[in-house]
Amino acid sequence: MSLNMKDQHISICRQNDLIPNSGICAELAGKQVALFYLPDESPAIYAIDNWDPIGKANVLSRGIVGDINGQLVVSSPLYKQHFDLITGQCIEHSDVKVPVYVVELVDDCVLINQ
Amino acid sequence: MLKVVIIGNGMVGHHYVEQLAASPVAAKITVIGGEARPAYDRVHLSDYFAGSTPEDLALTTKEHYLDMGVDAHFGDMVAHIDRSNKIVITESGQAYSYDKLVLATGSYPFVPPVEGNNLPQCTVYRTIDDLGMIQAQANNAKVGVVVGGGLLGLEAANAVQNLGLETHVVEFAPGLMGVELDAGGSSMLRRKIEALGVKVHTSKATELIETNSEGKGRVVMHFADGGSLATDMIVFSAGIRPYDQLARDCGLVVGERGGIAIDQYCKTSDPSIFAIGECALFDNKIYGLVAPGYRMAEAAASQLGSEGISFLGADMSTKLKLLGVDVGSIGDAHGRQEGSVAYTFSDERIDVYKRLIVSADGKSLLGAVLVGDCSEYDTLLQYFLNGIDLPSDPETLILPTNAGGSPALGASALPLTATICSCHNVSKGDIVATMDAGFCSLAEVKSETCAASGCGGCAALLKNVVDDEMAARGLDVDTAMCEHFNFTRQEMFHIIKVETIKSFEDLLHKHGTGRGCEVCKPTAGSILASLWNDYVLEEKHVGLQDTNDTFLANMQNNGTYSVVPRIAGGEITPDKLIVLGQVAKKYQLYTKITGGQRIDLFGARLQQLPAIWQELIEAGFETGHAYGKALRTVKSCVGSTWCRYGVQDSVAMALYVENRYKGLRSPHKLKSGVSGCTRECAEAQSKDFGIIATENGWNLYVGGNGGMKPRHAELFATDLDDKTLIKYIDRFLMFYVRTADRLQRTSVWMDNLEGGLDYLKQVVIEDSLGICNDLEAQMDAVVGSYQCEWKTTIEDPEKLKRFRQFVNSDGQDKAIIFVEERGQLRPAKEEEHQKISATLD
Ligand code: SRM
Ligand SMILES: Cc1cc2nc3c(=O)[nH]c(=O)nc-3n(C[C@H](O)[C@H](O)[C@H](O)COP(=O)(O)OP(=O)(O)OC[C@H]3O[C@@H](n4cnc5c(N)ncnc54)[C@H](O)[C@@H]3O)c2cc1C
Ligand code: SF4
Ligand code: FES
């Protein structure tokens with residue numbers, strides 16, 4: 001997986017651009033990607049789309065991260081719905097899901113698969 | 001597999017689909033909906049004009065049906081039912097065969113047969129498409145008329161008024177809501193509605209509508225009594241008629257005045273065909289409310305399995321807010337039952353009307369009417385539905401409590417059969433059973449039973465029942481903050497203080513589980529700030545803050561932020577005013593005077609915030625903490641410096657107080673006010689702590705607020721000198737910060753303090769707990785370590801890195817689009833977005 005990834009990867013930022021236990025946003029071919037850095041978890045980095053389909057604004061990177069029954073989630077800063085960091089599934093609405101992206105921390109670089 | 005075809009995808013048709021899909025019956029479900037969109041919440045249609053979108057109103061989506069394996073077709077009407085071959089054929093020519101057919105076609109608005117009723121200015125109020133037509137007619141219109149003064153007519157009038165039109169209601173009968181209300185209730189409702197600016201015309205039969213050739217209004221309505229009314233648009237809402245043509249055409253039995261006849265199993269005269277919802281006639285009655293429709297859907301769906309639930313009629317009591325007026329009607333509101341006696345209470349000062357209809361023996365409640373105040377509705381409904389014996393003096397049920405009225409019926413007095421949630425048919429027995437099965441918290445009961453997830457009207461009663469049951473089981477009412485911490489905010493505060501905990505990580509490690517969430521993180525962040533007053537954006541605290549605190553600005557609906565510099569006491573120099581104007585102009589920010597005597601600049605993009613603040617700080621501004629659960633504003637009046645009545649310098653005091661407590665993190669926001677005399681122009685008595693000047697010093701008031709539940713502050717101490725005043729406020733605030741629950745304003749906190757105001761006086765004035773030195777020292781520490789968070793932030797390049805839209809480019813968020821209105825920018829609405837992006841592409 002990670003070998004394969006290196007073939008199509010894009011280096012999107014450096015590790016020290018990330019903020020521990022919080023999110024930032026990157027632009028990727030016209031899309032907005034929310035990157036979350038959770039140094040105590042494995043993997044330590046997660047990427048989902050920045051668009052909040054319920055609040056209808058590009059804000060998910062600015063939500064609070066945490067867990068619901070062990071499931072890692074970010075809570076939208078607008079109306080507080082939770083989105084699973086691994087699957088993008090909205091916990092409150094079974095029919096709402098945001099895209100997720102494959103990311104990896106290699107050395108000091110954040111690599112993302114386009 | 002059993003082929004089930006459902007005609008009509010309204011609220012009831014959709015409920016049927018959900019019931020059937022969730023049942024063990026293996027069925028191939030096909031839905032044919034006449035409207036272009038899947039089922040939506042018709043009951044809340046009026047919310048559309050208050051900002052709800054069709055997506056907000058949606059009850060389901062095409063994708064969801066697809067996921068459920070339901071074959072759904074929209075925007076096509078069934079034109080014909082071929083009963084002998086068991087096939088339905090749609091207008092577009094599609095044919096579907098069925099084993100069982102369900103008619104859920106609902107009803108359509110009745111438009112009186114008057115000449116001119118088909119002019120383009122005439123509309124109806126039933127579907128989302130109708131709303132579009134109404135909105136289109138309302139553009140350029142000044143006056144709107146609603147024909148029909150019943151429940152739906154008044155809903156429509158609300159919509160017309162929300163659209164900003166001069167609103168008239170024209171009713172054929174002598175009173176409003178004649179079906180649900182007696183004459184007294186009806187005339188009180190009229191008074192209240194007229195006071196809101198709606199013009200009511202009763203006993204008016206419209207005879208002709210014609211295009212207007214003279215000045216005012218585009219059409220003119222002529223009435224039987226010779227009068228006329230000019231208007232720009234008309235909404236007909238004069239009753240509903242069942243959609244039963246399909247049934248008539250294929251020979252099913254229909255009622256004399258319409259409606260598809262059904263039995264208690266919701267079967268029509270053809271045993272393979274069911275009818276449910278507003279198109280169905282049971283016991284010669286059409287049920288024009290959604291709850292009975294849902295019961296029919298459940299009964300009909302159960303016939304396909306082994307259960308066989310019956311529908312035996314339904315209660316039509318209603319509680320509504322019409323044009324902001326509370327209206328309730330229970331049972332026999334008109335007192336038609338023989339021998340019934342009535343009790344009436346009416347208070348014309350506050351426009352409240354209440355009437356009870358009681359059986360001849362005085363034992364049971366037959367009906368009730370409430371206008372202007374529905375607080376007794378839940379209790380009365382329980383007496384009515386459950387045949388609970390009335391107290392010997394039933395009038396106490398509607399009298400104000402200070403006049404001998406009796407308190408609400410406790411949850412424990414309700415029988416198990418009592419319906420708690422009528423939308424989802426949940427009885428007290430269902431709740432008890434759910435709790436017996438181990439689902440004890442309110443949230444669990446809600447998600448297991450669906451109670452309180454419909455109209456929401458039963459939420460308070462549901463909580464009472466759950467709390468009461470918990471207490472009866474000897475369970476503690478659950479006070480855990482969230483799944484990560486099993487204690488209250490007060491307990492968390494205590495732990496952090498006693499153990500000198502300095503970070504969330506440490507706290508979680510020692511006392512919590514999991515990784516935290518958006519409830520416990522900001523709470524801990526706030527406590528850490530109250531106690532140690534570190535810079536909130538320090539790396540270890542950043543992830544704890546709500547977005548507003550993280551970016552030191554308030555997030556708006558489109559993801560931009562507002563900027564609120566502190567303008568202590570509302571006092572500002574002309575030079576500073578000019579700077580605000582210049583900054584707003586330069587960054588094209590929408591500018592508004594807030595309700596808190598300061599100036600808010602809206603629409604800043606994340607990446608603009610540092611530059612904006614740089615300029616503001618250079619001009620001497622500081623952050624206003626509009627984003628924090630912290631001190632907001634201290635409102636002032638101009639006081640003795642200028643005002644001929646002022647007895648103290650209220651502006652100087654407001655400035656002192658605001659500057660002293662700025663930056664103090666607290667369980668909820670804090671507001672204050674200082675008035676220069678008893679005329680109270682600063683509204684200090686509506687603040688968490690308010691100060692009013694007297695000849696001899698200051699009176700201190702505590703525990704007031706506006707907001708969702710306004711409450712006046714209570715007098716705490718009188719004629720204080722400056723020093724004592726501040727000492728008491730220090731203690732009061734710190735005691736609140738220590739002991740209040742999360743998001744609990746001072747008023748609610750005080751109400752929950754055992755001993756209330758008197759106890760608080762003992763603690764703060766008499767130091768009964770011996771903690772006052774500590775409280776003061778803690779306040780001094782917070783005051784002494786104040787920093788303007790924006791200043792700290794713009795001085796630190798590391799911190800500024802966060803204020804970039806993208807970590808890897810200087811691009812902008814293209815989804816943020818502004819349009820101009822009244823000379824300023826505002827966020828584009830969704831429809832405008834689509835138009836603008838279309839022209840950009
Ligand atoms: C800007 C302003 C409205 C305006 O255009 O005037 C405003 C705007 C907001 N108010 Fe307010 N309130 C504003 C004055 C008020 C007032 C009037 C006053 O302070 O005299 C009240 C009633 C008084 C009171 O609080 O006791 C008020 C009662 C609320 C409430 C209800 C609080 C309650 O206890 O019921 C909320 C919701 C909350 O805090 O949970 C709220 C929440 C909000 C929020 C923060 C909602 C949000 O999360 O987006 C709004 C965003 C502020 C922003 O800058 O983006 N706002 N809000 C006013 C800012 C005042 C200021 O200079 O800081
Ligand atoms: C403004 C407003 C406010 C209301 N407020 C309340 C309230 O507060 N409380 C309350 O209990 N009730 C309220 N109601 C009433 C409530 O909305 C109805 O009782 C409920 O919607 C009835 O559901 P239904 O599915 O039977 O009919 P509908 O919701 O009318 O659905 C029927 C559907 O069938 C479709 N259809 C008809 N014929 C065909 C055909 N031949 N082929 C295919 N499709 C067809 C129709 O287009 C429609 O979409 C309100 C109604 C309105 C309009
Ligand atoms: S409160 Fe008193 S001093 Fe202040 S403006 Fe009003 S009248 Fe004047
Ligand atoms: S009564 Fe409507 S949600 Fe319970």
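1. The model is predicted, so to speak of local features requires pLDDT of at least 70 and side-chain atom pairs count only at pLDDT 80 or more, while totals for chains, interfaces and linings use all residues. Residues are numbered from 1 along each chain as its sequence is written, chains are lettered from A and ligands numbered from 1 in written order, and side-chain values use heavy atoms, without hydrogens and water.

2. In chain B, helix H19 spans residues 609–618, and its buried residues are B:Leu609, B:Pro610, B:Ile612, B:Trp613, B:Leu616 and B:Ile617 (buried: under 20% relative accessible area, 1.4 Å probe, protein chains only; helices: DSSP runs of H or I, at least four residues). Viewed down the axis of H19(B), these residues lie within an arc of 160 degrees and so line one face of the helix (the arc is taken from the directions from the helix axis to the C-beta atoms). Their cover includes helix H18 (574–586) and helix H25 (789–794) of chain B (contact: heavy atoms within 4.5 Å). Just after H19(B), B:Gly620 has a positive phi of about 95 degrees.

3. Around ligand 3 stand residues including B:Cys637, B:Cys643, B:Cys677 and B:Cys681, together with B:Arg679 and B:Glu680 (a heavy atom within 4 Å). The shell comprises four nonpolar, three polar and two charged residues (Cys counts as nonpolar, Arg and Glu as charged, Gly as polar).

4. Helices H1 (residues 11–22) and H8 (residues 290–302) of chain B pack at about 35 degrees, with axes 9 Å apart (axes are lines fitted to C-alpha atoms over the stretch in contact; angles run from 0 to 180 degrees between N-to-C directions). Contributors to the contact include B:His15 and B:Tyr16 of H1(B) and B:Tyr294 and B:Glu298 of H8(B).

Terms used:
Buried means under 20% relative accessible area, exposed over 50%, partly exposed in between (1.4 Å probe, protein chains only). Helices (H or I, at least four residues) and strands (E, at least two) are DSSP runs, numbered from the N terminus.
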